[in-house]
Amino acid sequence: MTTSSTTTTRSTCADLDRMDPLASYRSEFLIDDDDLVYFDGNSLGRLPKATVDRLHRVMQDEWGSRLIRSWEESWMDLPTRIGDLIGTGLLGAEPGETVVADNTTVSLYKAISAALDARPGRRAVVVERGNFATDRYIVESLARQRDLEIRWIEEAGADGVSVADLRGVVDDSVAVVVLSQVDYRSAAISDLVGLTAQAHEVGALTVWDLCHSVGSVPIDLHQADADIAVGCTYKYLNSGPGAPAFTYVSRARQVELSHPIWGWWGRTEMFDMAQGYVAHPDIRSWLTGTPSILSMAAVQIGVEMVVRAGMAEIRRKSVALTSLAVSLYDEWLAELEVGLASPRDPARRGSHVTLTHHDAARVAEEMAANGVIPDFRRPDGIRIGLAPMTTRFLDVHDGFAVLRGILG
């Protein structure tokens, strides 16, 4: 499934939707306004109908009827069971390397802290200046707490962070490198293998943020020899607002990396309530406190749907959708004071396209008022998020037509 200038007509987009192998998945989501063009699935995915049913069963049957018995019957292993589903289905991981717990910010704090502890004597942390805010804030807070040096990679722009960018700031004083696989602004895909290898060359560990890549681009953490990775579940995994994050720790690093927050769920023989903390000898040591079962149930449904659809098919459609968006930009918007802030090479582009305009905030508001919901990013970015399981080719055509009407 590819796009070219011949596919930008509305009738051809309708044909692409009819031939789309993922088209049937849209009917599995709660969509009460079929005319609404939703370009923000890269911030909050749509609600699967099965999630409504699953949460009702959790509340009515498991909590309402079975009460505390549900812990032993079905709840206790949800963090690792769903973690394995994410890891083996979406991350190229083995069972026992991924766990669902806490939110993204807490998970990043734990991951970066553990990496720092594993490299005593090294006083520097590397992060891109344009990385997502919470990644930077966590690095800055840990630098203040531990008197560390922050090595900033200057904002990489539409092309993303390169191996050469990283090579210019790492040496044997760097403990950990914190990077995003897909840039939340431009959608540039980082070289997971090359950047990890560059960090390892100087003995540093890597913490990868997968929030904008999981469920939208193929990931193989084993191939990349990645150390630790964190990602959210409420974007392309459609698990709901505030759904918990996941943490991946490679089996090779699990002995070396010690979870810094000692909660009772991370302790072996947790119900003994004994004096002293003895961590689980596996990925369960990365748990902290009691998980949110309602949120976990929603994560399970969202992840199961993505795994069922298959990342190869999701990626094929993602490339086609974003390529259509770039073609429409070239035909309709390039001469209307609109810039393209995403890579043109689809192999280097995630599942959103960012446009720039000097009055982007107003334009985004007018788009929403006309039934097209984008994502405005200060100061001048309009992100067009294209979630392959729910976004139609007609949505891209019609959404860009509304944008052209506002600017033209």
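Trainee: What covers the buried residues of α4?
Mentor: In this predicted model, the cover includes α3 (69-75), β2 (98-100), α9 (221-224), β8 (246-249), α10 and α11 (311-333).

Trainee: And which residues of α4 are the buried ones?
Mentor: They are Leu-78, Pro-79, Thr-80, Ile-82, Gly-83, Ile-86, Gly-87, Leu-90 and Leu-91. As background, an α-helix has 3.6 residues a turn, so residues three or four places apart point the same way.

Trainee: How far apart are the end C-alpha atoms of α4?
Mentor: They are 18 Å apart. Helix α4 covers residues 78-91, and its 14 residues should span 20 Å at 1.5 Å a residue, so the two values agree.

Trainee: What comes just after α4?
Mentor: Gly-92 does, and its phi is positive, at about 70°.

Trainee: You mentioned α10 as part of that cover. At what angle do α2 and α10 pack?
Mentor: The angle is about 145°, and the axes of α2 (residues 49-63) and α10 (residues 293-309) lie 9 Å apart. The crossing of α2 past α10 is right-handed.

Trainee: Which residues make the contact?
Mentor: On the α2 side there are Ala-50, Thr-51, Arg-54, Leu-55, Val-58 and Met-59. Helix α10 brings Ile-293, Leu-294, Ala-297, Ala-298, Gln-300 and Ile-301.

Trainee: How do those divide into nonpolar, polar and charged?
Mentor: Nine are nonpolar, two are polar and one is charged in the contact of α2 with α10.

Trainee: Switching to cysteines: how many disulfides does the structure hold?
Mentor: It holds zero disulfides. Take Cys-211: the nearest cysteine sulfur belongs to Cys-232 and is 3.8 Å away. A disulfide needs the two sulfur atoms within 2.5 Å, and Cys-211 is in none.

Trainee: Is Cys-211 buried or exposed?
Mentor: Cys-211 is buried, because its relative accessible area is 8%, and the cut-off for buried is under 20%. Cys-13 is buried too, with a relative accessible area of 0%.

Trainee: One more residue, Ile-406. Where is its place?
Mentor: Ile-406 sits in helix α13, which runs over residues 393-407.

Trainee: Why does Ile-406 count as buried?
Mentor: Because its relative accessibility is 19%, and buried means under 20%.

Trainee: What is Ile-406 in contact with, leaving aside neighbours within four places in sequence?
Mentor: Its partners are Arg-362, Val-363, Glu-366, Met-367 and Asn-370. Asn-370 is 36 residues from Ile-406 along the chain, and their C-alpha atoms are separated by 9.4 Å.

Key: Residues are numbered from 1 along each chain as its sequence is written. This is a predicted model: local features need pLDDT of at least 70, side-chain atom pairs count only at pLDDT 80 or more; totals for chains, interfaces and linings use all residues. Side-chain values use heavy atoms; hydrogens and water are left out. Axes are lines fitted to C-alpha atoms, for helices over the stretch in contact, and angles run from 0 to 180 degrees between N-to-C directions. Helices (H or I, at least four residues) and strands (E, at least two) are DSSP runs, numbered from the N terminus. A crossing is left-handed if the near helix is turned anticlockwise from the far one by less than a right angle, and right-handed if clockwise. Contact means heavy atoms within 4.5 Å. Ala, Val, Leu, Ile, Met, Phe, Trp, Tyr, Cys and Pro count as nonpolar, Asp, Glu, Lys and Arg as charged, and the others, Gly among them, as polar. Buried means under 20% relative accessible area, exposed over 50%, partly exposed in between (1.4 Å probe, protein chains only). The expected span of a helix is 1.5 Å times one less than its number of residues.
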